[in-house]
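Me: Please take a close look at one part of this model. I want its pairing partners and the surroundings of one residue within it.

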Amino acid sequence: MSLVSYKRKRNFDVTPEPSGTKRSAHKQAPSLIYVIQKHRASHLHYDFRLEWNGVLLSWAVPKGPSLDPSVKRLATQVEDHPLDYANFEGVIPEGEYGGGTVMLWDKGTWAPESDDPAAALEKGDLKFTLKGKKLKGSWVLVRTRGFGRQPARPSWLLIKHRDQYASTGDITEREPRSVSTRRLLVEIAHEGGGDVRKAATGDPPAALERKLATIERGRGLSTHGS
Ligand code: MN
């Protein structure tokens with residue numbers, strides 16, 4: 001686990017992302033951070049992150065998580081991220097690594113379900129419990145052979161276990177907003193000076209329609225007032 005790869009990919013004079021230099025800024029938390037960042041970069045994906053050994057282990061999940069235990073979601077492991085990345089929401093400048101809009105989609109804590117999570121990670125079969133605002137209950141990440149083209153980016157599958165939190169509903173459609181600011185991607189891009197049109201393609205059309213209706217109602221009221 002190291003941040004060498006994370007730092008090499010980024011120019012911290014340009015991007016507002018954390019530089020990962022505040023090494024001992026916070027003490028060891030009593031519980032482990034879990035966070036998902038919805039990221040409209042060159043492609044839309046959900047960055048799934050679990051705190052481990054002082055960094056955030058990170059996987060890019062193109063389709064996002066599914067609460068349906070029969071659905072396996074591809075999760076490509078990417079470079080470890082610094083712990084303070086767990087608070088980042090905003091706009092990464094276009095042309096920079098990961099340029100686009102980042103939303104804090106879910107946040108909470110996680111706990112391994114085995115006595116030896118280091119061995120489980122090494123083996124490529126990590127069972128764990130999530131306590132997020134959106135995702136809860138038992139999950140597994142299983143490393144796959146075969147379709148990981150780059151050795152530095154192993155392929156895993158993210159799968160929900162059967163429990164009271166399993167469901168066939170689409171959580172990414174039903175809960176499209178930021179867990180910290182309640183904003184859609186389009187609003188984060190707008191307020192952060194990002195590419196609004198590109199960001200909007202990552203929001204569900206139904207959520208954008210509701211947002212438009214709110215804006216139109218607001219305009220109607222101000223017209224009557226003048
Ligand atoms: Mn990303």
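Reply: Two strands pair if DSSP finds at least two bridges between them. Strands themselves are DSSP runs (E, at least two residues), numbered from the N terminus. The model is predicted, so local features need pLDDT of at least 70 and side-chain atom pairs 80 or more, while totals for chains, interfaces and linings use all residues. Residues count from 1 along each chain as its sequence is written, and side-chain values use heavy atoms, without hydrogens or water.

Take strand S6, residues 100-112. S1 (residues 32-40) runs antiparallel to S6, joined by 9 bridges. Here Lys38 faces Met103 of S6. S5 (residues 90-92) is also antiparallel to S6, over 3 bridges. Gly90 sits opposite Val102 there. S7 (residues 125-132) pairs antiparallel with S6 through 5 bridges. In that pairing, Thr109 is opposite Lys131.

Now Asp106, which lies in S6. The Lys134 backbone nitrogen, however, is 2.9 Å from a polar atom of the Asp106 side chain. That side chain also reaches the backbone nitrogen of Leu135, at 2.9 Å.

Contacts (heavy atoms within 4.5 Å) complete the picture. Leaving out residues up to four places away in sequence, Asp106 touches Tyr34, Val35, Ile36, Gly132, Lys133, Lys134, Leu135 and Val179.

Methods
Helices (H or I, at least four residues) and strands (E, at least two) are DSSP runs, numbered from the N terminus. A polar contact is a pair of N or O atoms within 3.5 Å; within protein, one must be able to donate a hydrogen and the other to accept it, and residues adjacent in sequence count only if both atoms are side-chain atoms.
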